[in-house]
Amino acid sequence: MTSSQDQLRQRGFLNAIERLGNKLPDPIMIFVWLILFLMILSQVGAWLGWSASLPYTGKEAPQWGELKDGVLTYRATSLFNEENIARLLTEMPKTMSGFAPLGLVLVIVLGASVAEKAGLFSALIRGSLRNAPRAIMTPLVAIIGMVSHHASDAAYVVFIPLAAILYAAVGRHPLVGLAAAFAAVSGGYAGNITPGQIDVLLFGFTQEAARIVDPAWTMNPVGNWWFILSIVIVFTPIIWFVTDRIIEPRLGAWGKEPDEELRAELAKSEITPSERKGLRLAGLTALLVVGAFAALSLLPGYTPLLDETKEGTAQMQPFYSALIAGFFLLFVSTGLAFGIGAGSVKSSNDALRMMQDGIRSMAPYIVFVFFAAHFVAMFNWSRLGPILAIDGAIFLKDFGLSAPFLLVSVLLLSSVLDLFIGSASAKWSALAPVVVPMFMLLGISPEMTTAAYRMGDSYTNIMTPLMSYFPLILAFARRWDGDVGVGTLLSLMLPYALCFMAAGIAMTVGWVALDLPLGPGAQVHYVPPGGVLQ
């Protein structure tokens, strides 16, 4: 890096954020400190007799609560007392293994690792973008970029540099393609055409938090489907306009002809005949899996995924719960079908190795889960979660703040935290135990709160050098222009981030105002067991 770039990194608001963020500990250590702080706070709360109450119409009190004469009360309990210390030490394995997001994510990763390692995701990305017509290249990059979240690392490692190469091949500035792809993959992280791994991960934390108020609340993995699909619809024209009308005129014409190196890289992205065979087999397999799940839900006289004793959307709860297994089977079967056709899977040992590699890559997440699981569990043991939720809900109700205002507040808080802590799961695991039950008591559904968080967590991804893939994107950019620095890349992404923020706020407010469903069986509003606070 040149001295001028060093000086650039020492100036400006965003570079100050980078320096400040670099001083923060690892997200895992943040949870270690949060646990220690929680233990001290629980002792203070027990000494001072902290408690919170609300009317409750149920016949039995939820776990940790006391029910008397129609009033549910939670009292702060010290995490240093004998019961909680014994629970901490004797139930440590149970606390971790019983953490809902862990099992859900590992099952999905087992399947997705086969599809990724076999080359299915890479082939889909290359095949869908490589022959894109120049006139509609940008909107295709936007849509494929948001869909490519299912491909995990391949979205960053394959898709973003490929977009730059393809733009250069048609005479457009490669940094324009890189910026559009980065905006779609990272800035549009909340958007997708279908639910996937991130939905399962975040709703796992939502479920743990929602059960503070409603122990029977069960997550719906497709509870944000219409919302994330709408993000794709709204963000695609934004990326198209910003890319073609703002970023490309600023960078100017490429002015270079494709050289031998570029042609060689383009050749590498070509779909081989064996990969085409694999894609055909994978497509047929996907249809079979989808058809099987449809049959298990609709076949007369045999509907294991439909609860016919219930009415309305409640009938579909078994189907929603089975979607985790559905994603697993879809990824495994299509990955194997592609691998057999393409030659990347030659025996069952290859498939097992891919699964093992996928789980091996989850080691940092598993370490994180150990501390996050204990933080969430200890939050419940101390009773501070429901106390904060009830008192916070009463405080907000007294101010008369509207649901859109509250959700936008969560959105903005999420976006600010995202500048410093890149992990979506780390932030949500800390925020969810407070904001989800608090908003439930105010009549806002867990699905709507999760949607607002996801929106805020997305658009600042492209504006923080602390995002884990930011250095990689910078390296890709320098392949085309050696003078590109952190400030250069941030300046390219700022117009996208500002437009995404405005659109995200408008979408969140509009969704509540129009009371639109967030997904199958998921609404904006919610009535807790004890009723909404009046």
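**Figure 1. Arg383 sits in the loop between α17 (363-381) and α18 (384-399).** The model shown here and in the following views is predicted. Arg383 is not a glycine, yet its phi is positive, at about 65°. The relative accessible area of Arg383 is 13%, so this residue counts as buried, the cut-off being under 20%.

**Figure 2. Asp515 lies in the segment after α23.** Asp515, a residue other than glycine, also has a positive phi, with a value near 55°. Its relative accessible area is 37%, and Asp515 is therefore classed as partly exposed. The class covers values between the 20% limit for buried and the 50% limit for exposed.

**Figure 3. Helices α19 and α23 pack against each other.** Helix α19 covers residues 403-418 and helix α23 covers residues 486-514. Because angles over 145 degrees count as roughly antiparallel, α19 is described as roughly antiparallel to α23. The crossing in which α19 passes α23 is right-handed.

**Figure 4. Helix α12 (residues 225-251) crosses α23.** The angle between the axes of α12 and α23 is roughly 150°, and the axes come within 9 Å. α12 is therefore roughly antiparallel to α23. The handedness of the crossing of α12 and α23 is right-handed. Sorted by class, the residues in the contact of α12 with α23 are 19 nonpolar, four polar and one charged.

**Figure 5. Helix α10 (residues 174-187) crosses helix α22 (residues 470-480).** The axes of α10 and α22 come within 9 Å and cross at roughly 165°. This angle makes α10 roughly antiparallel to α22. As for handedness, α10 and α22 make a right-handed crossing.

**Figure 6. The second largest pocket holds about 950 Å³ of space.** Its lining is made up of 34 residues. Those that lie nearest the centre of the pocket are His150, Thr194, Phe327, Leu330 and Phe331. Two or more lining residues come from each of α7 (120-129), α8 (137-147), α14 (273-298) and α15 (317-342). By class, the lining of this pocket has 25 nonpolar residues, nine polar residues and no charged residues.

**Figure 7. The second largest cavity holds about 40 Å³ of space.** The structure has two cavities of 30 Å³ or more. The second largest cavity is lined by Tyr189, Ala190, Ile198, Leu202, Ala424, Arg454, Asp457 and Ser458. Helices α11 (197-210) and α21 (446-459) each give at least two residues to this lining. The largest share, three residues, is supplied by α21. Five residues of the cavity lining are nonpolar, one is polar and two are charged.

**Figure 8. Met316 is placed in the loop between α14 and α15.** The relative accessibility of Met316 is 26%, so the residue counts as partly exposed. Met316 and Asn220 are 96 residues apart along the chain, and 9.9 Å separates their C-alpha atoms.

Note on methods:
Residues numbered from 1 in each chain as written. Predicted model: local features only at pLDDT ≥ 70, side-chain atom pairs only at ≥ 80, totals over all residues. Heavy atoms only, no water. 1 Å grid on protein atoms, 1.4 Å probe; cavity = no way out; pocket = protein on both sides within 12 Å on 5 of 7 lines; lining within 4 Å. Points joined across faces, edges and corners; volume = space filled by probe spheres on them. Helix = DSSP H or I, 4+ residues; strand = E, 2+ residues; numbered from the N terminus. Nonpolar A, V, L, I, M, F, W, Y, C, P; charged D, E, K, R; others polar. Buried < 20%, exposed > 50% of the residue type's maximum accessible area, 1.4 Å probe, protein only. Axes fitted to C-alpha atoms, helices over the stretch in contact; angles between N-to-C directions. Parallel < 35°, antiparallel > 145°, perpendicular 65-115°, else oblique. Left-handed = near helix turned anticlockwise from the far one by under 90°.
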